[in-house]
Amino acid sequence: MIALRGAELLALLTSLPVCDRDAWVDELLGIESLPPDVPDLPRGSVPYLPCGVEEILALVREVPVRAEDTFVDLGSGLGRVVILAHLLSGATALGVEIQDPLVRSAQERSAALGLTGVGFVCANAAEIALDGSIFFLYAPFNGAMLTAVLGRIAEVARRRPIIVCAVDLELHDASWLQRREPARASSLVVYDSVKGISERSPSADRGSP
Ligand SMILES: C[S@@+](CC[C@H](N)C(=O)[O-])C[C@H]1O[C@@H](n2cnc3c(N)ncnc32)[C@H](O)[C@@H]1O
């Protein structure tokens, strides 16, 4: 059970030297060595590599992620982003991951930590209906698969204002997204869905899931 959350966890994390933060978070969450990828990843899928804690901190602070958000990591791996974003913000957090061993490991980890408000599903993100208020992508796919997933996210943006966050990934083909100025200290890029694709302004309260 993790008692350390929210502002207290953020303060402790930011008090650590930047070079120690990834290892500290992995120890806190019980994440050990990188597992091997399954051999049959479909074309366009990028293998597992965890996003740096710096980008996750930038995400939570700059978006900002709030307790009333539903945060979705598309290509969630072992769950580092989902679990840390949840602990820091209180948001309901969901991971969608195509590799079943990674999903099972993330589920076991969140259960061992006694987390509620966190979930992981095994699915191809290009093939399922999505919902949420904030979507996160750490370079999980490219080519036609990325185009298909952006189409799924656009379906959500027609129903509600959303935010899409990308690390090491350019979202060139999404005219329905408006890019914010990137923060100087991280490779995170934040996009708001534009007015017109949904009825409400992106700056309005994103509301509950
Ligand atoms: C670069 S890793 C990012 C992992 C995680 N977001 C993190 O930062 O810790 C990309 C992940 O996307 C997953 N992935 C690739 N294609 C996918 C798809 N079509 N649907 C769901 N997950 C996918 C991979 O298995 C891999 O775990």
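**Entry 1: helix 1 and helix 4**

I began with helix 1 (residues 6-15) and helix 4, whose axes cross at roughly 115° and come within 6 Å. The model I am reading is a predicted one. I then looked up which residues make this contact: G6, L9, L10 and L13 of helix 1 meet L84, L87 and L88 of helix 4. Sorted by class, the contact of helix 1 with helix 4 has 6 nonpolar residues, 1 polar residue and no charged ones.

**Entry 2: helix 3 and helix 4**

Next I turned to helix 3 (residues 53-62) and its packing on helix 4 (residues 80-89). Their axes lie 10 Å apart, and the packing angle is about 40°. That angle makes helix 3 oblique to helix 4. I noted the hand of the crossing as well: helix 3 passes helix 4 in a right-handed crossing.

Which residues of helix 3 and helix 4 meet? On the side of helix 3 I found V53, I56, L57, L59 and V60. On the side of helix 4 I found R80, V81, L84, A85, L88 and S89. The classes here are 9 nonpolar, 1 polar and 1 charged. I noted that L84 and L88 of helix 4 are in contact with helix 3, and that L84 and L88 are also among the residues meeting helix 1.

**Entry 3: helix 2 and helix 3**

I then examined helix 2 (residues 21-29) against helix 3, and the axes cross at roughly 80° and come within 8 Å. Angles from 65 to 115 degrees count as roughly perpendicular. Helix 2 and helix 3 are therefore roughly perpendicular to each other.

In this contact, R21, D22 and V25 in helix 2 meet V53, E54 and L57 in helix 3. The contact of helix 2 with helix 3 divides into 3 nonpolar, no polar and 3 charged residues. V53 and L57 are part of this contact, and I had already listed V53 and L57 in the contact of helix 3 with helix 4.

**Entry 4: the ligand**

How many residues surround the ligand? I recorded 25 residues around the ligand, and the closest are S45, C51, G75, E97 and N124.

For C51, a backbone N or O atom lies 2.8 Å from an oxygen atom of the ligand. For G75, a backbone N or O atom lies 2.7 Å from a nitrogen atom of the ligand. For D73, an N or O atom in the side chain is 2.9 Å from a nitrogen atom of the ligand.

**Entry 5: backbone details in the loops**

Is the peptide bond from V63 to P64 cis or trans? I found the bond to be cis, with omega near -20°. P64 itself sits in the loop between helix 3 and strand 1 (70-74).

I also checked phi in two further loops. A139 is a residue other than glycine, yet its phi is positive, near 35°. I located A139 in the loop between strand 4 (134-138) and helix 6 (143-159). D168, also not a glycine, has a positive phi of about 55°. I placed D168 in the loop that joins strand 5 (163-167) and strand 6 (177-179).

Technical notes:
Residues numbered from 1 in each chain as written. Predicted model: local features only at pLDDT ≥ 70, side-chain atom pairs only at ≥ 80, totals over all residues. Heavy atoms only, no water. Axes fitted to C-alpha atoms, helices over the stretch in contact; angles between N-to-C directions. Helix = DSSP H or I, 4+ residues; strand = E, 2+ residues; numbered from the N terminus. Parallel < 35°, antiparallel > 145°, perpendicular 65-115°, else oblique. Left-handed = near helix turned anticlockwise from the far one by under 90°. Contact = heavy atoms within 4.5 Å. Nonpolar A, V, L, I, M, F, W, Y, C, P; charged D, E, K, R; others polar. Near = heavy atom within 4 Å. Polar contact = N/O pair within 3.5 Å; in protein donor to acceptor, adjacent residues only side chain to side chain.
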